[in-house]
Amino acid sequence: MAPGFQRRRRVYKGPTAMGGIEIARVTGRADLADFVALPYRLHGRDPCFTPPLRRDVRTLLDPARNPFFAHASRELFLVRRGGRVVGRIAAIHDRAHEKAHADGAGFFGFLELEDDLELAQALFAAASSHLRSLGRTRLRGPVSPSINDEAGLLVDGFATPSVVMMPHNPPNYPRLVEAAGFGKAKDLLAFESTGTTLPDRLVSATEIVERRYSVCTRTLEMRRFKEEVALVKRLFNLGWQRNWGAVPLDDAEIAHLAGQLKPIVVPELVVFALHAGEPIGFAAAIPDMNVALRANPSGRLVPGILKVLWASRRITRLRVLLLGVLPAWQGRGVDALLYRRIWENGRARGFDWAEAGWVLEDNHAMINGLLRMGFRVYKTYRVYERPI
């Protein structure tokens, strides 16, 4: 039996026009395979769908291999009609979130379903029932499985594929979620670059930041990778601690993330800002591996990994994945300086497009800064919520 699964199986039934649907907990390897496989069948013909490696999805869901589950639990549900899988959802209880925010939130994630409101209602009922038993009072999501992973439902910007570690869904999903009684909790904005040169005013402004505050920058040192990762963790947690929904990454989580990203890290695209020799902020960008993953529609490791590796040689897109500035230095233009260095270093290595995000809809300082740097909002993701 796969790690983290229970033998007990509880079934929920509800009437449908086709004679009934069945909701059941995922309890073994066959169920897990069905859970992982569903999006490949639902979205295989969507040119904007990026098929992740199935191995990576199983790792993300596995309590024995994903350190997130050291402070969280999850229950996976499948909905079947006539024996055929037509929907899935994960109910997630994050104790670290509750410790940080004490807001009674339980979460849903990994939502996939056919275009049927009854399926949506059944899936949310199952997730709500499970989380209610854990004392949760509101259902929020999607986060898959946390705010530090893929978060939000795409509500605007369906015409282009998502970038690495960002979700994509069909346009009907927001309609189904809203019809099931959910309202907006928060919008997350993704920005794209609009040119291959930086505005002159940005270059001038960042030069002023360097002179006025005696700030300089350096790039990641791969020979000190472990120490650099620890520094990123400290800066990220301090820089994001005031953000809506933020949950600090612990040592195991940041080490796990770093281990996953290390094979694709470009040292020049991880930049630290320093004052008097002390780090005060950082920014990290990675190549958009989704470009390569789309060369492997099945998501299978063999022989798909060869297609992914070949396609990865032609990536010219970046995602600015992380940016954190110590609270005492926020509002002084350090973030703009970091973005400038990322952009200059990226252009020197042949990258000609970048996404920056996500950014909270009410983070006006960051939004205004990105607009001044020549970025524009091109996708909006929404985190939804309803009472349980």
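In which loop is M165 found? M165 is in the loop that runs between strand 9 (153-156) and helix 5 (172-179). The model discussed here is predicted.

**Overall form**

- The secondary structure of the chain consists of 12 helices and 16 strands. The chain is as compact as a globular protein of its length, because its radius of gyration of 21 Å is close to the 21 Å that the globule rule gives for 388 residues.
- The C-alpha trace spans about 70 × 45 × 35 Å along the principal axes of the chain.
- Of contacts between residues at least 6 apart in sequence, 74% join residues at least 24 apart.

**Surface and charge**

- Buried residues account for 55% of the 388 residues of the chain.
- The chain has an accessible surface of about 17000 Å², and carbon and sulfur atoms contribute 53% of that area.
- The chain carries 55 positive and 40 negative charges, and the mean positions of these two sets are 3 Å apart.

**Helix 11**

- Helix 11 covers residues 334-348.
- The buried residues of helix 11 include the run V334, D335, A336, L337, L338, Y339, R340, R341, I342 and W343. G346 in helix 11 is buried as well.
- G350 follows helix 11 and has a positive phi, near 95°.

**Cis peptide bonds**

- The peptide bond from V302 to P303 is cis, with omega near 0°. P303 belongs to the loop between helix 9 (290-293) and helix 10 (304-311).
- A cis peptide bond also leads from G357 to W358, where omega is near 5°. W358 lies within strand 15, which comprises residues 353-360.

**Positive phi outside glycine**

- A102 is not a glycine, yet its phi is positive, at about 45°. This residue sits in the loop between helix 3 (95-101) and strand 5 (105-113).
- A102 has a relative accessibility of 58% and therefore counts as exposed, the cut-off being over 50%.
- M165 is likewise not a glycine and has a positive phi of about 65°.
- Is M165 exposed or only partly exposed? M165 is partly exposed, because its relative accessible area is 22%, and that class lies between the 20% and 50% cut-offs.

**The loop at L134**

- L134 lies in the loop that connects helix 4 (117-132) with strand 6 (138-141). With a relative accessibility of 33%, L134 counts as partly exposed.
- Which residues does L134 touch, not counting those up to four places away in sequence? L134 touches S73 and H93.
- L134 and G104 are 30 residues apart in sequence, and their C-alpha atoms are 9.9 Å apart in space.

Terms used
Residues are numbered from 1 along each chain as its sequence is written. This is a predicted model: local features need pLDDT of at least 70, side-chain atom pairs count only at pLDDT 80 or more; totals for chains, interfaces and linings use all residues. Side-chain values use heavy atoms; hydrogens and water are left out. Helices (H or I, at least four residues) and strands (E, at least two) are DSSP runs, numbered from the N terminus. The radius of gyration is taken over C-alpha atoms; the globule rule is 2.2 Å times the number of residues to the power 0.38. Buried means under 20% relative accessible area, exposed over 50%, partly exposed in between (1.4 Å probe, protein chains only). Contact means heavy atoms within 4.5 Å. Accessible areas come from the Shrake-Rupley method with a 1.4 Å probe; for residues, only the protein chains shown count as cover. Lys and Arg count as positive and Asp and Glu as negative; His and the chain ends are not counted. The place of a charge is taken as NZ of Lys, CZ of Arg, CG of Asp or CD of Glu. The expected span of a helix is 1.5 Å times one less than its number of residues.
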